Amino acid sequence: MDSAEYERKIAARFATFDQDGSGFIDREDFSAAAKAVLAEFGTAARSEKGQAVFGGAEAFWQGMAGIADVDGDQRVSREEFITGAAKRLRDSPQRFAEIARPFLRAVIAVADEDGHGATPTAAARVLRVLGTAPELAEQVARGLDTDGDGRISEDEILAAFAGYCGVEAPDA
C-alpha cells in the first residue's frame, strides 16, 4: 500500500468516528452514535437495551481517549488519531476491537428484533445511521454473516471491526 492509500484509509477511519464532522473525535460523537442507533430501532434511551448502548458507547469513548488523547483535552484530533489510535489499529486490531465490544454487543442486542440475532438487514440499518452510504451498508452487512446462518454474531462483528480497523502502514 502506498502512502496516499494509507492516508485515505486512515482518514476514512477517522471520519467514521467523527460523527459530527467537527474534525475531532469526542464523547459526543459516541453519544450521537448511540442516539442514532436507538432512534433507528425505536428503543428508549432509559430502557435496559438503551442504557447498555450508552454504557457501551461511553466505554468505547474511554478506550479511544485512553490510547489517543495525548494532550488530555477530552477530544482526539486527526493527528492524535493517526499517531495513537492508528498505531494501535495497525499493531493489534483485535485488541483495539475489544474496546468496542460493549458497544457492539449492545448494538447487536438492539438490532436483534426477533430474539434470534441481528440480521444483515438490521446490520445495514445500523451502518446507515452511523454514516455508511446505503449501497455500501447493504454490501458490508451481507458480508458480516460469515457463517451464512442469516444472523450476525458478536464474534462475526468483532472480527469485521478488527479487519476494518487494521490498516497496514506503507512501510510495514
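Are Phe 17 and Phe 60 buried or exposed? Phe 17 is buried, and so is Phe 60. Buried means under 20% relative accessible area, exposed over 50%, and partly exposed in between, with a 1.4 Å probe and protein chains only.

A word on the source. This is a predicted model, where local features need pLDDT of at least 70, side-chain atom pairs count only at pLDDT 80 or more, and totals for chains, interfaces and linings use all residues. Residues are numbered from 1 along each chain as its sequence is written, and side-chain values use heavy atoms, with hydrogens and water left out.

Now the rings. The structure holds 8 aromatic pairs. Rings of Phe, Tyr and Trp (its six-membered ring) pair if their centres lie within 6.5 Å; planes under 30 degrees apart are stacked, over 60 edge-to-face, the rest tilted. Phe 17 and Phe 60 make an edge-to-face pair, 5.7 Å centre to centre, with 90 degrees between the planes. Phe 17 is in helix 1 and Phe 60 in helix 3, 43 residues apart. Helices here are DSSP runs (H or I, at least four residues), numbered from the N terminus.

Phe 60 also pairs edge-to-face with Phe 30, at 5.0 Å and 65 degrees. Phe 30 lies in helix 2 and Phe 60 in helix 3, so this pair ties together parts 30 residues apart in sequence. Why does Phe 60 count as buried? Because its relative accessibility is 4%. Phe 30 is buried too, at 6%. Ring pairs link these residues into a cluster, with Trp 61 and Phe 161 among its other members.

Next, the largest pocket. Its volume is about 870 Å³. A pocket is an open set of points on a 1 Å grid over the protein atoms alone, where a 1.4 Å probe fits, with protein on both sides within 12 Å along at least five of seven lines; lining residues have an atom within 4 Å of a point. The volume is the space filled by probe spheres set on the points.

How many residues line the largest pocket? The count is 30, and Phe 161 is one of those nearest the centre. Helix 5 gives the largest share, 5 residues.

Last stop, helix 6. This helix is mostly covered, with 7 of its 10 residues buried. Arg 125 is one of the buried ones. Arg 125 also lies over the face of Phe 41, 4.1 Å from the ring centre. The rule: CZ of Arg, or NZ of Lys, is within 6 Å of the ring centre and within 35 degrees of the ring normal.

Technical notes
Helix = DSSP H or I, 4+ residues; strand = E, 2+ residues; numbered from the N terminus.
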